[in-house]
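Trainee: I would like to learn how to read this model. Can we go through it feature by feature?

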Amino acid sequence: MRQKHSAADRTFTAFAHTFILLFTLFCLFPFLLMIAGSFTDEEELIAHGYTLFPQKLSLAAYKAVLQSDVLFNGYGVTLFITVVGALSALCISAMLGYSLANKRNVLQTPFLFFCYLPMLFSGGIIPFYIVVSQWLHLQNTIWVLILTMLCQPFLVFLLVSFFRTIPEELEEAARIDGANEMRVFFQIMIPISKPILASVGLFYALSFWNDWFMGLMFIDNEKLFPLQLILRRMVSNMEAARNLIPSGAAIAVTPPTYGVRMATTVLTIGPIVLLYPMLQKYFVKGLTVGAVKG
């Protein structure tokens with residue numbers, strides 16, 4: 001029986017490893033195709049499409065993307081709003097989640113309803129624009145890219161679920177020793193909440209890094225354009241320039257539209273992808289630890 005079980009275990013392990021390997025290759029294929037396409041000559045892309053092993057390499061797409069200082073300025077703006085926004089949003093969401101999970105909070109039910117309501121209903125784009133631009137006067141400021149995305153109810157409830165799994169005896173012991181609410185939160189709750197904080201922080205960082213809609217709505221100053229908005233405008237302008245070229249016209253240089261799409265995608269996702277290896281050990285644990293009580 002032991003030999004049969006051992007053989008079955010080995011068979012299952014081999015099957016699981018093979019499946020995971022194939023699934024990994026399936027996930028990596030679009031990224032490899034995108035990177036290869038960004039280094040492919042535009043004429044080959046038009047003639048043969050995207051391939052993993054291009055016959056004619058070209059850096060024209062990256063030259064077209066990197067030729068302007070606006071892109072580097074956009075990187076600075078995006079890095080600022082990602083770091084400051086993610087840290088601020090994580091701090092606010094963690095304190096709000098801890099407050100909502102605390103049974104001693106007499107306003108727990110109204111606050112839970114207040115946080116849950118925006119997940120179901122919204123006031124619409126026009127009222128949102130009027131409040132932000134005319135009442136708060138945040139238009140054409142870098143803070144409009146941060147404050148408008150500072151709290152996401154879904155991530156707050158993710159934190160609430162985690163804080164509810166922490167034994168109440170930890171708080172009671174700290175309060176018996178004379179700790180106040182701020183000390184309990186920062187010295188007791190925060191150190192044991194690293195998995196969920198890393199997961200929520202990664203979600204917030206992705207939201208700030210990938211956002212372009214807030215910049216499109218509220219930013220007119222090119223010096224404050226985030227990276228995603230700059231790349232979107234760049235691709236749109238190249239597409240428009242390509243459409244303006246008459247068919248059959250003898251022009252020496254044409255905009256590398258297809259290559260630029262791939263190059264801009266590589267430049268956009270590159271830095272944020274580097275966060276995943278550093279936060280991977282916290283990411284899975286943070287998503288699952290709050291789902292089981294105990």
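Trainee: At what angle do the axes of helix α4 and helix α10 cross?

Mentor: Axes are lines fitted to C-alpha atoms, for helices over the stretch in contact, and angles run from 0 to 180 degrees between N-to-C directions. Helices (H or I, at least four residues) and strands (E, at least two) are DSSP runs, numbered from the N terminus. Here α4 spans residues 69–101 and α10 spans residues 181–189. Their axes come within 12 Å and cross at roughly 110°. Angles under 35 degrees count as roughly parallel, over 145 as roughly antiparallel, 65 to 115 as roughly perpendicular and the rest as oblique. So α4 and α10 are roughly perpendicular to each other.

Trainee: Which residues make that contact?

Mentor: Contact means heavy atoms within 4.5 Å. From α4 come A94, M95 and Y98. From α10 come E181, V184, F185 and M189. For classes, Ala, Val, Leu, Ile, Met, Phe, Trp, Tyr, Cys and Pro count as nonpolar, Asp, Glu, Lys and Arg as charged, and the others, Gly among them, as polar. The contact of α4 with α10 has six nonpolar, no polar and one charged residues.

Mentor: A word on the source. This is a predicted model, where local features need pLDDT of at least 70, side-chain atom pairs count only at pLDDT 80 or more, and totals for chains, interfaces and linings use all residues. Residues are numbered from 1 along each chain as its sequence is written, and side-chain values use heavy atoms, with hydrogens and water left out.

Trainee: How does α4 pack against helix α5?

Mentor: Helix α5 covers residues 108–120. The angle is about 135°, and the axes are 9 Å apart. That makes α4 oblique to α5. L96, L100 and A101 of α4 touch Q108, F111, L112 and C115 of α5. By class, that contact has six nonpolar, one polar and no charged residues.

Trainee: And where does helix α8 come in, and at what angle does α4 cross it?

Mentor: Helix α8 is residues 153–163. The axes of α4 and α8 come within 8 Å and cross at roughly 50°. Again, α4 is oblique to α8. On the α4 side, the contact includes S93, G97 and Y98. On the α8 side are V156, L159, V160 and F163. The count is nine nonpolar, two polar and no charged residues.

Trainee: Which residues does V266 touch?

Mentor: V266 sits in helix α14 (residues 257–273). Leaving out residues up to four places away in sequence, V266 touches M34, I35, S38 and Y62. V266 and Y62 are 204 residues apart in sequence, yet 9.9 Å apart in space, C-alpha to C-alpha.

Trainee: What is the average pLDDT of the protein?

Mentor: pLDDT is the predictor's confidence in each residue, from 0 to 100. The protein averages 81, and 85% of the residues score at least 70. Among the elements, helix α15 (residues 275–289) has the lowest mean pLDDT, 62. Helix α7 (residues 144–147) has the highest, 93.

Trainee: Where does pLDDT stay under 50?

Mentor: One stretch is residues 249–253, with one contact beyond four places in sequence. Another is residues 290–294, with seven such contacts. Where pLDDT is low, the predicted coordinates should not be read in detail.
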